[in-house]
Each structure stands twice: as structure tokens, then as C-alpha cells.
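The following note sets out a few points for a first reading of this structure. Please keep the sequence and the model in view while going through them.

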Amino acid sequence: MSLALSELKRNKAYLLGVLGVDKAGQHVKCPFHDDTHGSLAIFQSEDGVWRWKCHGCDQGGSVIDAAILAYNAKGAKDAVRAIEGNLGLKIFRDEAPAVPVIDMARAEAAVTRAHADLLDSFDAMALLEEKRNITGIETIKRFRLGYLDNASFPEYSSWSFTGWMLPVTDKHGRLVAVKVHSESRHGKDWRATKNMPKCLWAPFGTHVPPGAKKPLHGWSTLWPGPEGCEGGPLLLTGGELKAIRLCDAGHHATAPTAGENKMPPHLINRIKAAKPSEVFVVFDADPAGESWRDKMIKHLGQVGIPCSAIDLTGNIPSPADLDAEWKTAATRELQSAEETIIEIERTEEMLKSAPENMAPKLAAQHAKLVRTLEAFYEG
Ligand SMILES: [Zn+2]
């Protein structure tokens, strides 16, 4: 039997079928947790869609959300496939995918609340130190880190998150999106299913990028931004929380928000525009980390940014150590500039008394040395 997606969501029988319960209404036994109280409510909302909401395990949504849990599906698409298989239906899409809501006021409110929750909770602060090595109150305030305690985004998914809320800002400090990283607590796996993502973009952090028609959940940018490192070293790492940990240790650090493998040219150019003296690629010593390190060094090198790598499993050098290392390199270069000046002077002397057949060669050598010196002072 062929059925429109809009019909599927408005049909009570299919929702009951997926949930495996025999009646709608209040006080239904929830199939997704050990429910002795009848915590589940099944009801039809104003738009005609049949929905469910459990007050015990705090999960809910439409038939699609029910199928994600019931069939252990990876997402909406996978859930529709599973419904087709289990209920013997062929489902076709007759409505456009839901456009994410742009609601920056709500995003701001959530970021502010989660930030206050983190600062108020000794427990959450201890967890942040234990798991992410971030201890500085000033760092937490500067980046407005937040804590979520089993919070969910019901409009978006039925998953509940415990972990960190990151207000991702653009280079002007404006909030552009909100990212959530989950965290395990007391050795307990927080994930409802093993397909649950480790991080996601909170739905209210969406916005319409300049020139685009549709809002985006996520935002491919660098956060924390690389700006402000001018003349000094910049540390580039694969995750925002790792970068914040490095900032907390006094470094300038940045990370791509769309994941390790999303470093498009505009982000590389933004690093270049921030004028670091050198970029240190901070990587995990595993095959994925090493591959990212090699890729980054290649891309940064292609635009002429001097770079080297730091293994994240070792001790990260202090800002003073990095500075000393950079100064040593700069001194080495300065010595070679002095050597170049001496060589230029020597060539000029030789040119004065050089035989005619030697003069063009010496002149060319002189010009080359002058170019080397100019390049040094420009760079
Ligand atoms: Zn439940």
C-alpha cells in the first residue's frame, strides 16, 4: 500500500503500531523505558499530526521519532525505511522537508541559561575539568560555555543531551549557531541509541547565511576565531573543546566547527589573514589525527603559512615555550640576514675592481642577494 508521508503522520493506527501500544490518550505504558506509571501521552495536535510524549524518559515526537527509537533507526530517512518494512507500506514524500526555525532570541536565552547552569554547578564544573581539562572561570565566561543536564530539543529530535553547549560566533562576535557536545557521566552512557551523534547543532541556532535562501543548522567557521594572534603562534586543532582547552592554557587556538575534515580554502585564508607567526597543528596521535595533521600542514604550506605539529597526547608546550621556540627561529633568520648584508657589501667591493668578463656574473649575484634581503624584510 502506498501512503503519503503527511498521511502517515496523521494516522493514529500507524503511530500505535510503531509504539506497540493499543490505545491513545493519557497514562499509556511507555515502550522506551521501564514504565510502571503509565507516563506516556498519545494525542493529536492542532496540525492533525498524532504525537506522543513520555513524562518518564522525556522523549516524544511524531511517528517518525517513535520509529527512530523503536527500530533503532539512524535518522528520519532510515526510520521511514523501517516503517515501510515493518508495516508493509510504500511511503512517498508529499510535503517539503521542515525548514528549521530561525529563532536567535531563543538561542540567546538557551545559551544564557546553560552558561548560568554551568557556573552554578560544582558538579558540572568538575566534569568539565575532568573530561575536557578546562578549569578557568574567565575562559568559560569568555566563550560562554554552557552545560545541559539531560536536556532535549523536542522539535528536532527525541534525544536528550547531557554535555556542553557552545555558542559559535562569527569574527565580529555575533552568535551564528549553537553546537552541543555530549558527555558521559559517572561512567554511564548517555546515548539513547548507539547511533546517537556525539555532537549536533541545536535547531534554534540556525540562520540564513548571506546570499543563501535556506537557513542552515550548522555553520562552517572557525571557533574560537584565529583573530588576535597577529605576530604570535596560533594553535589549530580538530575540535572546539580542544581549542578552548588550549585557550584556557594561555594559547591562541582555533578549530573548524564543521569537523576536522571541513577546512575549505576560505577558512585557511582566514587563518592567513589573522597573520600568525606560525601555526602549530595540534593532533591526536592516531591514524585519523595524523592524516588531519598532514592535510593541514599541506594546505597551510600552500598559502605560505609556516607551520609545524604538536602531538596532543604529549605535554602541550606553554605559551612561553612556544614563544621561545619562535624567537629562536626568528633569530636564526636574522643571523642569515646579517650574513646576507655582509655578502652584499663584499660583492659590491668586488664589483668595483672586477674584470669586465666577471662583472655581469657578480652583478647578477648582487641582485640576487638584494632580493633575498628584501624578501626577508617584507616577510
Ligand atoms: Zn518513556
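1. T221 counts as buried because it has 21 C-beta neighbours inside 10 Å. A residue is called buried if 20 or more other C-beta atoms lie within 10 Å of its own, exposed if 12 or fewer, and partly exposed in between, with C-beta atoms placed from the backbone.

2. The model is predicted: local features need pLDDT of at least 70, side-chain atom pairs count only at pLDDT 80 or more, and totals for chains, interfaces and linings use all residues. Residues are numbered from 1 along each chain as its sequence is written.

3. T221 belongs to the loop between β10 (199–201) and β11 (233–237). Strands are DSSP runs of E with at least two residues, and helices are runs of H or I with at least four, numbered from the N terminus.

4. Leaving aside residues up to four places away in sequence, T221 touches V168, D170, V176 and T257. Such a contact requires C-beta atoms, placed from the backbone, to lie within 7 Å. P256 is 35 residues from T221 in sequence, yet their C-alpha atoms are 5.8 Å apart.

5. Strand β8 (residues 160–169) is mostly covered, with eight of its ten residues buried.

Technical notes. Two residues are in contact if their C-beta atoms, placed from the backbone, lie within 7 Å.
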